[in-house]
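This briefing sets out how the chains of the model meet and how one of them is built. Lead sentences come before the grouped points.

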Protein chains: 4
Amino acid sequence: MSEVIGALRETVASLHAELTRYGLVAWTAGNVSARVPGQELLVIKPSGVSYDDLSAANMIVCDLDGVVVEGDLSPSSDTAAHAYVYRAMPEVGGVVHTHSTYATAWAARGEAIPCHLTAQADEFGGEIPIGPFALIGGDDIGKGIVATLSGHRSPAVLMRNHGVFTIGKDARAAVKAAVMCEDVARTAHLARVLGQPVPMAQADVDSLYDRYQNVYGQPGRQLSAD
Amino acid sequence: MSEVIGALRETVASLHAELTRYGLVAWTAGNVSARVPGQELLVIKPSGVSYDDLSAANMIVCDLDGVVVEGDLSPSSDTAAHAYVYRAMPEVGGVVHTHSTYATAWAARGEAIPCHLTAQADEFGGEIPIGPFALIGGDDIGKGIVATLSGHRSPAVLMRNHGVFTIGKDARAAVKAAVMCEDVARTAHLARVLGQPVPMAQADVDSLYDRYQNVYGQPGRQLSAD
Amino acid sequence: MSEVIGALRETVASLHAELTRYGLVAWTAGNVSARVPGQELLVIKPSGVSYDDLSAANMIVCDLDGVVVEGDLSPSSDTAAHAYVYRAMPEVGGVVHTHSTYATAWAARGEAIPCHLTAQADEFGGEIPIGPFALIGGDDIGKGIVATLSGHRSPAVLMRNHGVFTIGKDARAAVKAAVMCEDVARTAHLARVLGQPVPMAQADVDSLYDRYQNVYGQPGRQLSAD
Amino acid sequence: MSEVIGALRETVASLHAELTRYGLVAWTAGNVSARVPGQELLVIKPSGVSYDDLSAANMIVCDLDGVVVEGDLSPSSDTAAHAYVYRAMPEVGGVVHTHSTYATAWAARGEAIPCHLTAQADEFGGEIPIGPFALIGGDDIGKGIVATLSGHRSPAVLMRNHGVFTIGKDARAAVKAAVMCEDVARTAHLARVLGQPVPMAQADVDSLYDRYQNVYGQPGRQLSAD
């Protein structure tokens, strides 16, 4: 038990380096969490701590109501949203939040990202949807994420006027979705600046999504984490 | 006293690395200063020295008229503007100046950045305002900064045809404001390129600003510095 | 034989660092391969493995039907396309695939990049052409690459709604073409955003291409790799 | 004599790191040279060699007709243009060539960059001018640079459909001009995307230019190199 949490602390702390590597976050504005398998607990970044200073030791363990169980610091101010997702979506093992630039520009306009790229079909299975505007401080953000992503292929939601939340079977898969969300948001933005992308047939989108979810990656490895 | 200044020299020198990390500055075009608490002094970058070569030892200590008190090099050519701010705004402990690209593009048009993002509401409490055009070499830039930011929520001003000045309770807070200013300037630019952002209700902006200034971060830590 | 393959494993593994250095790839979405000279074999990246974890040891050796000959992991999911190119174009010694952002934005619109830059005339000899939309999983992508690039000066093709494939006499030349493709795609995009580029005379394009292919670089070194 | 050349080899080799640091060059497409003071010689990058592999030892020394005097490799394919500038402009001690993205986008349209920023007034004294289209291989590029920059305040010229050449009293000053040229080209581009910059009065541009050339930097240090 303690060993599982120790390993997750290490994983969650180090996955934040992918957010900085891909330029998804400025200052301290982004966070990764993981569910502790088989327990009503999550591991999350402390609030307002620089990415340079993150380590397994200063990660925060909370219950699924966001109450701190282990840790000296306050958890991320987005903890309530993460916790709500874990309560409502038992298949989710990881959650990521960013204000990554291009995706947040779509979110500011309240505009879903239409699917015109094979990479988007692979990872998101179609458009990346818009979630509602919601104020921080209660369950409204969590409810908006869950209402938008439940039954949707996309592991990413663009919360209106705010930013991106992604989910995954584990924290690494949610980080991958956050990286790919910004990547396709940027390409889709640029494509639109000079005209209109060529539409893709829905059957092609479906075919790509199905193949990517079931064939890609290494046999015996969890594909959506790669 | 000397120990306080020594620590501030170290802080000011090392905070310049955040300007290069976030790509806010080219060559030597940007600077950070800090007020020496309880003294009529400030610590600032020397003029025209590469960011690679900054150290506690080559920082310059000036009085609040910009006259050098300690240091072998000339202080930043923007020292008069920094000094004016410290004289006029006793609550300010740090000042930063950059020509960061997206913010300066808004400044070139003389256009304030309207608030369509929760991150902007958090840090700036609404729009990021435009200050007047002013020539370097006297108190005009300082006066323009103070006239624009006095009584304004925003810790950042876009000086017309010039660039960004930010203030904070300390140098780290002013650096954070400079980083977040460019971040929201970039996202706001991109959102506008393909249409119009969805407006945010003033009450929501107010609520986010109030919460961020009073709740975010670690208890007992100075929040606006994180 | 084994020594040649060992050296190619090293080369192919390390060339992936150029894809990350120039920001051409996100997560694991891009790959480099090389033909084994004089053998019906190719060396390629394993599927879904992070660029940080690539080494000579985990590269995959396949025959030209994409069947694994050496290696414990699955080869890149794009192996069929690489293999098809090697079967159809005996002069090709290296193939690269990316979803680099600006080039893929042109691909999303199905729009070839017109030649308005001396750098594009040098490396591509004119426009960078569009290839057909093709689903992954058979020979369709490979056929589209070969149909587009056979007899064309350009070593790069923009596969519609997908991304970039480049070819070269060796893997390094194909990587160079991928780097330059994104560079000219970005410049051409920006030029068009604010107006129309000045056309270049076809004779000038021809003259630049001829000179670059025959004069540039170091005598006795294979020029298209530099 | 040999000591002077040895020091210049070191300087020229290491200044290329500024081109990669600021993202001004892709692959090997950009070069720095320096005049050897008091001699009819210049030091320049070898052709087609990766920036990672540059060192004092592999720099090339040429006479002012571009004939190699010291060095085992061929000099940059742009050597004739550098040499022409040194022959025609005795006050020039350094020359830089890049295809930096935003500046080259202006060059592709044949459009000078108008001066709407104090940073541009400081370094360039007004607009950054367009030079003619010219083919590589003779003196045409050099003539175009010299014809455009002679008597002009700007140390940078945008060669049409090609890229940037900058000059300076030494190689470091020319590198600074190349860095600042891309910086203001990018900001000017972005400002124009969403509207029109506010014009600056010519008297203000003149005043800024005069002050920057005569006051900025450290007393006793050569200011335009900082």
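Between chain C and chain A, 7 residue pairs are in polar contact, with both residues of each pair at pLDDT 80 or more. The model is a predicted one. On the side of chain C that touches chain A, helix H3 (101-109) and helix H6 (171-193) of chain C are the elements that give two or more residues. H3(C) gives the most to that side, namely 7 residues.

**Interface of chain C and chain A**

- Sorted by class, the side of chain C that touches chain A holds 14 nonpolar, 14 polar and 4 charged residues.
- This contact draws on 32 residues from chain C and 36 residues from chain A.
- The two chains, C and A, bury about 2900 Å² between them, and 60% of that area is on carbon and sulfur atoms.
- Within chain C, the residues that lose the most area to chain A are C:Trp27, C:Arg109 and C:Asn161, which together make up 27% of what that side buries.
- The interface of chain C and chain A contains 1 salt bridge by the rule applied.
- A salt bridge joins the side chains of C:Asp52 and A:Arg21, at 2.5 Å from N to O.

**Interface of chain B and chain D**

- In the contact of chain B with chain D, 32 residues of chain B meet 36 residues of chain D.
- About 2900 Å² is buried between chain B and chain D, with carbon and sulfur atoms giving 59% of the area.
- On the chain B side, B:Trp27, B:Arg109 and B:Asn161 lose the most area to chain D, and together they account for 27% of what that side buries.
- The count of salt bridges between chain B and chain D is 1.
- B:Asp52 and D:Arg21 form a salt bridge in which the closest N and O atoms are 2.5 Å apart.
- Across the interface of chain B and chain D, 7 residue pairs are in polar contact, both residues being at pLDDT 80 or more.
- At least two residues each are supplied to the side of chain B that touches chain D by helix H3 (101-109) and helix H6 (171-193) of chain B.
- H3(B) provides the largest share of that side, with 7 residues.
- By class, the residues on the side of chain B that touches chain D are 14 nonpolar, 14 polar and 4 charged.

**Chain pairs without contact**

- Chain B and chain C are not joined by any contact, and their closest C-alpha atoms lie 11 Å apart.
- Chain A and chain D likewise do not touch, with their nearest C-alpha atoms 11 Å apart.

**Fold and annotation of chain A**

- Chain A has 7 helices and 8 strands.
- The radius of gyration of chain A is 17 Å, close to the 17 Å that the globule rule gives for 226 residues, so chain A is as compact as a globular protein of that length.
- The C-alpha trace of chain A spans about 50 × 40 × 30 Å along its principal axes.
- An unreviewed UniProt entry places the feature "domain: Class II aldolase/adducin N-terminal" at residues 10-189 of chain A.
- In the span of residues 10-189 of chain A, 37% is helix and 19% is strand, and its end C-alpha atoms lie 35 Å apart.

- A:Glu123 and A:Lys176 form a salt bridge, and their closest N and O atoms are 3.2 Å apart.
- A:Glu123 belongs to helix H4 (residues 118-124) of chain A and A:Lys176 to helix H6 (residues 171-193) of chain A, so this pair ties together parts that are 53 residues apart in sequence.
- A:Arg192 is placed in helix H6 of chain A.
- The side chain of A:Arg192 is in polar contact with the side chain of A:Glu111, at 3.2 Å.
- With neighbours within four places in sequence left aside, A:Arg192 is in contact with A:Trp106, A:Glu111, A:Pro197 and B:Leu194.

Definitions and conventions:
Residues are numbered from 1 along each chain as its sequence is written. Chains are lettered from A and ligands numbered from 1 in the order in which they are written. This is a predicted model: local features need pLDDT of at least 70, side-chain atom pairs count only at pLDDT 80 or more; totals for chains, interfaces and linings use all residues. Side-chain values use heavy atoms; hydrogens and water are left out. Contact means heavy atoms within 4.5 Å. Buried area is the accessible area (1.4 Å probe) that two parts lose on being put together, summed over both. A salt bridge is a side-chain nitrogen of Lys or Arg within 4 Å of a carboxyl oxygen of Asp or Glu. A polar contact is a pair of N or O atoms within 3.5 Å; within protein, one must be able to donate a hydrogen and the other to accept it, and residues adjacent in sequence count only if both atoms are side-chain atoms. Helices (H or I, at least four residues) and strands (E, at least two) are DSSP runs, numbered from the N terminus. Ala, Val, Leu, Ile, Met, Phe, Trp, Tyr, Cys and Pro count as nonpolar, Asp, Glu, Lys and Arg as charged, and the others, Gly among them, as polar. UniProt positions are given in the numbering used here, feature names are shortened, and annotations may be inferred rather than shown by experiment. The radius of gyration is taken over C-alpha atoms; the globule rule is 2.2 Å times the number of residues to the power 0.38.
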